[in-house]
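Me: Hey, I've just opened this one and I'm new to it. Can you walk me through a few spots?

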Amino acid sequence: MQGDTAQAYGNEEAVGAAIRNCGVPREELFITTKVWFHNYESGDCRQSVLDSMEKLGINYLDMVLLHWLYGNTYTAWRDLEALYQEGIIRAIGVSNFEPDRLIDLIHFHNICPAVNQIETHLYCQRKAEYEWLGKYGVAHQAYAPLGQGKANEMFAEETVQKIAKTHGKTPAQTVLRFLIQSGVAVIPKSVHVERICENFNLFNFTLAQEEMEQLKALDTAKTMISNASDPKLAEFAMTW
């Protein structure tokens with residue numbers, strides 16, 4: 001079972017309480033957190049990871065990501081490499097990194113990111129990014145895989161409705177299955193138990209190649225939540 005959080009979310013202590021009270025053995029949980037870019041400066045990244053572990057109430061992290069490509073990413077990545085080598089972190093990766101920044105990070109460091117977590121969904125399939133990630137052996141992980149903010153519009157697509165009906169599945173299950181069959185790991189967010197269960201029930205059906213092609217055609221190649229190369233976003237992020 002995977003738990004995904006971040007320093008910027010302000011919920012690490014709440015996630016820690018859930019870890020303690022969920023009744024699931026720690027070794028069956030995969031806990032990921034993300035370092036906020038203001039903590040990338042010398043010494044801050046390492047200490048911020050240790051602080052996150054204290055809030056989560058755990059003595060190791062399964063994965064830690066650099067949350068954005070801003071700030072002193074070199075120093076922060078070397079802190080993560082050291083924590084990885086010490087066994088405090090089991091895997092390290094990045095989030096919201098554009099291909100050029102990812103390649104730069106890989107070529108000047110010893111450890112290649114295990115994953116790049118980027119906005120990916122039916123309307124923003126990241127086909128070019130997927131190819132670059134594959135070339136360097138970095139897993140493509142989708143956040144907002146149900147199109148946060150446009151889920152209803154996505155689910156109302158005639159193509160999605162038709163394919164979902166064919167397989168006796170919901171539109172949400174259909175678009176998540178599409179991403180999984182495309183080789184993308186998904187981390188859908190929900191606070192409703194029935195939807196969480198629905199999101200797990202994805203492995204008893206397979207989309208036909210024709211159906212995959214129909215869904216691929218709905219790609220607009222435009223982000224809805226974040227574009228790390230957008231100067232307006234970068235400027236705004238500096239105030240967070």
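Me: Start with Arg126. Which residues is it in contact with, leaving aside its neighbours within four places in sequence?
Reply: Arg126 touches Glu98, Ile118, Glu119, Thr120, His140, Thr223 and Ser226. Contact here means heavy atoms within 4.5 Å. Keep in mind that this is a predicted model, where local features need pLDDT of at least 70 and side-chain atom pairs count only at pLDDT 80 or more, while totals for chains, interfaces and linings use all residues. Residues are numbered from 1 along each chain as its sequence is written, and side-chain values use heavy atoms, with hydrogens and water left out.

Me: Where does Arg126 sit?
Reply: Arg126 is in the loop between β5 and α5 (127-135). Those labels come from DSSP runs numbered from the N terminus: helices are H or I with at least four residues, strands are E with at least two.

Me: Is Arg126 buried or exposed?
Reply: Arg126 counts as buried, because its relative accessibility is 9%. Buried means under 20% relative accessible area, exposed means over 50%, and partly exposed is in between (1.4 Å probe, protein chains only).

Me: OK, zooming out. In what order do the strands of the sheet come?
Reply: The sheet is open and has seven strands, in the order β1-β2-β3-β4-β5-β6-β7, with parallel pairing. Two strands pair if DSSP finds at least two bridges between them.

Me: Which ones are at the edges?
Reply: β1 and β7 (185-186) are the edge strands, and each pairs on one side only.

Me: Let's go to β5. How much of it is buried?
Reply: Five of the five residues of β5 are buried, so the strand is largely enclosed by the rest of the structure.

Me: What does β5 pair with?
Reply: On one side there's strand β4 (residues 92-95), parallel to β5 over two bridges. Ser95 stands opposite Gln117 in β5. Strand β6 (residues 139-143) also runs parallel to β5 (residues 115-119), and five bridges join them. Val115 has Ala139 in β6 as its bridge partner, and for Gln117 the partner in β6 is Gln141.

Me: Which helices go with those strands?
Reply: β4, helix α4 (residues 99-107) and β5 make a right-handed β-α-β unit. Another right-handed unit of that kind is made by β5, α5 and β6. Right-handed means that, with the strands pointing away from the viewer, the path from the first strand over the helix to the second runs clockwise.

Me: What about β2, how buried is that one?
Reply: β2 (residues 30-35) has five of its six residues buried, so it too is largely enclosed by the rest of the structure. Strand β1 (residues 2-4) pairs with β2 in the parallel sense over three bridges, and Gln2 has Phe30 as its partner in β2. With strand β3 (residues 63-66), β2 makes four bridges, again parallel. There, Val35 is partnered by Leu66.

Me: Switching to helices. How do α7 and α8 cross?
Reply: The axes of α7 (residues 158-167) and α8 (residues 171-181) come within 9 Å and cross at roughly 95 degrees. That makes α7 roughly perpendicular to α8. Axes are lines fitted to C-alpha atoms, for helices over the stretch in contact, and angles run from 0 to 180 degrees between N-to-C directions. Under 35 degrees counts as roughly parallel, over 145 as roughly antiparallel, 65 to 115 as roughly perpendicular, and the rest as oblique.

Me: Which residues meet there?
Reply: From α7 it's Val160, Gln161, Ile163 and Ala164, and from α8 it's Pro171, Thr174 and Val175.

Me: Is α8 covered or open?
Reply: Mostly covered, with nine of its 11 residues buried. Arg177 and Phe178 are among the buried ones. The cover includes α6 (151-155), α7, β7, α9 (193-200) and α10 (209-216).

Me: And what follows α8?
Reply: Gly183 follows α8, and its phi is positive, near 90 degrees.
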